[in-house]
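The sequence and the structure come first.

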Amino acid sequence: MSHLFSSASIGQVSLENRIIVPPMCQYSADNGMPTPWHKAHYMNLALSGASLVIMEASAVTPEGRITHKDLGLWNDEQMAAMQQMLVDIRQYSNARLGVQIAHAGRKASTDLPWFGGKSLQATDPHGWQTVAPSALAFGDNYLPRELTIEQIIEIKKQFIDAAKRAEQAGFDVIEIHAAHGYLLHEFLSPVSNQRQDEYGGSFENRSRLLVNIFHEIRETISPNIAVGVRISATDWLEHGWSVPESIELTEILEDLGCDYIHVSSGGLSAEQQIPLSPNYQVPLAQAINEHTMMPVIAVGLITEPLQAEAILATHQADFVAIGRGILFEPRWPWRAACELNQQVNVAPQYLRCAPHQFKNLFK
């Protein structure tokens with residue numbers, strides 16, 4: 001039996017295989033609401049053969065969007081629209097469905113990527129004043145406003161409220177976004193967090209907001225729903241957030257009942273030096289995996305089935321996330337099943353499309 005196609009669980013959520021579609025922003029929402037693009041896009045991914053599809057970063061407040069076209073979960077209208085989208089998908093797919101809740105912090109208020117993704121001033125029709133732990137800009141972006149204690153407490157509440165809406169919408173998994181240089185990562189890193197109060201300075205203080213958000217969400221949300229965290233394991237900077245700190249954070253989250261850790265890296269600083277190559281982030285996942293009993297998801301230039309199989313077989317991680325690769329090839333799990341001589345579940349409408357040489361491909 002292939003490792004990639006073996007069943008497993010994240011918390012109390014059972015998964016048919018170890019293939020996960022990670023959150024990937026589509027920048028196609030309308031005032032935070034899903035559009036026909038999202039309905040088609042996520043239906044397609046849910047029919048891919050992956051066991052879990054985590055929907056893109058959904059902002060907990062309008063000011064937490066990366067662009068004005070990001071999805072949101074800051075009101076009940078958005079929740080109801082997502083709820084209907086999940087109902088529609090589940091008519092045809094048994095994939096588990098998750099959502100990532102997020103706040104972009106100082107990397108918010110940017111133009112759409114295909115228009116250059118530049119930082120937009122608050123005076124721009126599609127821009128607004130950004131906020132951050134400290135008044136330090138990301139690269140050439142406009143200067144963010146330092147958050148007050150009262151505003152930090154309000155953002156914590158916004159994350160919790162968004163998680164409640166995710167539960168009401170019917171998601172199986174909720175992922176807290178603390179990676180890629182967005183707000184919660186900005187609090188974690190000493191590069192972006194130079195506060196002198198209880199939210200800055202020491203590791204304990206810098207991790208306080210994320211830990212408190214996770215703890216309150218886990219206490220509030222049904223245990224039947226898996227709650228995990230995505231982190232950047234390193235800033236790829238000499239004096240930035242590091243792998244040892246990521247391990248320490250993981251151990252704290254595990255003690256609080258975290259169901260998985262999703263290991264990425266970078267995104268905090270334009271000065272980062274990332275040695276890009278296949279599997280370049282897998283050693284980070286492995287380092288964390290050696291210090292936790294939680295499921296660990298590896299991601300980053302994992303493109304080939306045998307490559308993914310090897311990561312699992314050597315216990316570097318428990319799951320693999322296929323991101324850009326599955327956007328390019330939405331039936332990647334079908335190809336993986338062919339190469340590894342495995343079977344994959346498909347919607348009955350697709351049963352007769354199995355190639356002759358793989359006539360037993362579909363369950």
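## Fold and helix packing

The protein chain contains 11 helices and 13 strands. The model is a predicted one.

**Overall dimensions.** The C-alpha trace of the protein chain extends over about 65 × 40 × 40 Å along its principal axes. The radius of gyration is 20 Å, which agrees with the value near 21 Å that a compact globule of 363 residues would have.

**Annotated region.** The unreviewed UniProt entry carries the annotation "domain: NADH:flavin oxidoreductase/NADH oxidase N-terminal" for residues 4–342.

The geometry of two packed pairs is listed below.

| Pair | Residues | Crossing angle | Axis distance |
|---|---|---|---|
| α1 and α2 | 36–46 and 76–90 | about 40 degrees | 10 Å |
| α3 and α6 | 149–169 and 208–220 | roughly 35 degrees | within 10 Å |

**α1 with α2.** Helices α1 and α2 pack at an angle of about 40 degrees, which makes α1 oblique to α2. Their crossing is right-handed. On the α1 side, the contact is formed by His-38, Lys-39, Tyr-42, Met-43 and Ala-46, and these meet Met-85, Asp-88 and Ile-89 of α2. Sorted by class, the contact of α1 with α2 has five nonpolar residues, one polar residue and two charged residues.

**α3 with α6.** Helix α3 also passes α6 in a right-handed crossing. From α3, the residues in contact are Ile-152, Lys-156, Phe-159, Ile-160, Ala-163, Lys-164 and Glu-167. Their partners in α6 are Leu-209, Asn-212, Ile-213, Glu-216, Ile-217 and Thr-220. The contact of α3 with α6 divides into seven nonpolar, two polar and four charged residues.

How values were computed:
Residues are numbered from 1 along each chain as its sequence is written. This is a predicted model: local features need pLDDT of at least 70, side-chain atom pairs count only at pLDDT 80 or more; totals for chains, interfaces and linings use all residues. Side-chain values use heavy atoms; hydrogens and water are left out. Axes are lines fitted to C-alpha atoms, for helices over the stretch in contact, and angles run from 0 to 180 degrees between N-to-C directions. Helices (H or I, at least four residues) and strands (E, at least two) are DSSP runs, numbered from the N terminus. Angles under 35 degrees count as roughly parallel, over 145 as roughly antiparallel, 65 to 115 as roughly perpendicular and the rest as oblique. A crossing is left-handed if the near helix is turned anticlockwise from the far one by less than a right angle, and right-handed if clockwise. Contact means heavy atoms within 4.5 Å. Ala, Val, Leu, Ile, Met, Phe, Trp, Tyr, Cys and Pro count as nonpolar, Asp, Glu, Lys and Arg as charged, and the others, Gly among them, as polar. UniProt positions are given in the numbering used here, feature names are shortened, and annotations may be inferred rather than shown by experiment. The radius of gyration is taken over C-alpha atoms; the globule rule is 2.2 Å times the number of residues to the power 0.38.
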